[in-house]
Amino acid sequence: MAWGSKISATQLTSITTEQFFDQVPTLNPRESAHVQVISSRTGSTDHLIIAAYTTLDDTTEAWDLVPMMEFLLEGSLGPNTNSFLITGVYKFRIGVRRSGSTDTFTVDMSVRKDGVNA
């Protein structure tokens, strides 16, 4: 097993409603993806919600309406980091939104897939 190159998504800014990163990784059988989300916010009321959605489709993507996993990232005003693994799915995308209606967030995401191929 060998980890692939780090792929950075385009930064999302002024997040109020759910937004999705432009990186949509496809996994081979037995592959995992290490995902890292780094966020900062204005204010101290809301939290960041990170969600992973999956699809079986390739070109005409029909994304699940309910995420396969979801995290609430609490923290201070400074940068907050959350890392997690995704495995066992064909293709996924990461969405982020705020928990309330007060603060706004700026969020970066990077992905590194392992090099296992079936």
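Is R97 buried, partly exposed or exposed? With a relative accessibility of 23%, R97 counts as partly exposed (buried means under 20% relative accessible area, exposed over 50%, partly exposed in between, with a 1.4 Å probe and protein chains only).

A few notes on this one follow. This is a predicted model, in which local features need pLDDT of at least 70 and side-chain atom pairs count only at pLDDT 80 or more, while totals for chains, interfaces and linings use all residues. Residues are numbered from 1 along each chain as its sequence is written, and side-chain values use heavy atoms, with hydrogens and water left out.

1. Salt bridges at R97. A search of the whole structure finds five salt bridges (a side-chain nitrogen of Lys or Arg within 4 Å of a carboxyl oxygen of Asp or Glu). One of them joins E18 to R97, with the closest N and O atoms 3.8 Å apart. That pair links distant parts of the chain: E18 is in the loop between β2 (12-15) and β3, R97 is in strand β8 (residues 91-98), and they are 79 residues apart. Strands here are DSSP runs (E, at least two residues), numbered from the N terminus.

2. A second partner. E70 and R97 also meet through their side chains in a salt bridge, at 3.1 Å from N to O. E70 belongs to strand β6 and R97 to strand β8, 27 residues apart. Through shared partners, E18, E70 and R97 are joined into one network. E18 is partly exposed at 27%, and E70 is partly exposed at 43%.

3. K91 and D58. This salt bridge has its closest N and O atoms 3.5 Å apart. K91 sits in strand β8 and D58 in the loop between β5 and β6, 33 residues apart. K91 is buried at 6%, whereas D58 is partly exposed at 46%.

4. Aromatic pairs. There are two (rings of Phe, Tyr and Trp, its six-membered ring, with centres within 6.5 Å; planes under 30 degrees apart are stacked, over 60 edge-to-face, the rest tilted). F20 and Y53 are edge-to-face, 5.5 Å centre to centre with 70° between the planes. F71 and F84 are tilted, at 4.8 Å and 40°. F71 lies in strand β6 (residues 69-73) and F84 in strand β7 (residues 80-87), so the pair ties together parts 13 residues apart in sequence.

5. R93 over two rings. R93 lies over the face of F20, 3.7 Å from the ring centre, and over the face of Y53, at 5.9 Å (CZ of Arg or NZ of Lys within 6 Å of the ring centre and within 35 degrees of the ring normal). F20 is partly exposed at 29%, while Y53 is buried at 6%.

Note on methods. Helices (H or I, at least four residues) and strands (E, at least two) are DSSP runs, numbered from the N terminus.
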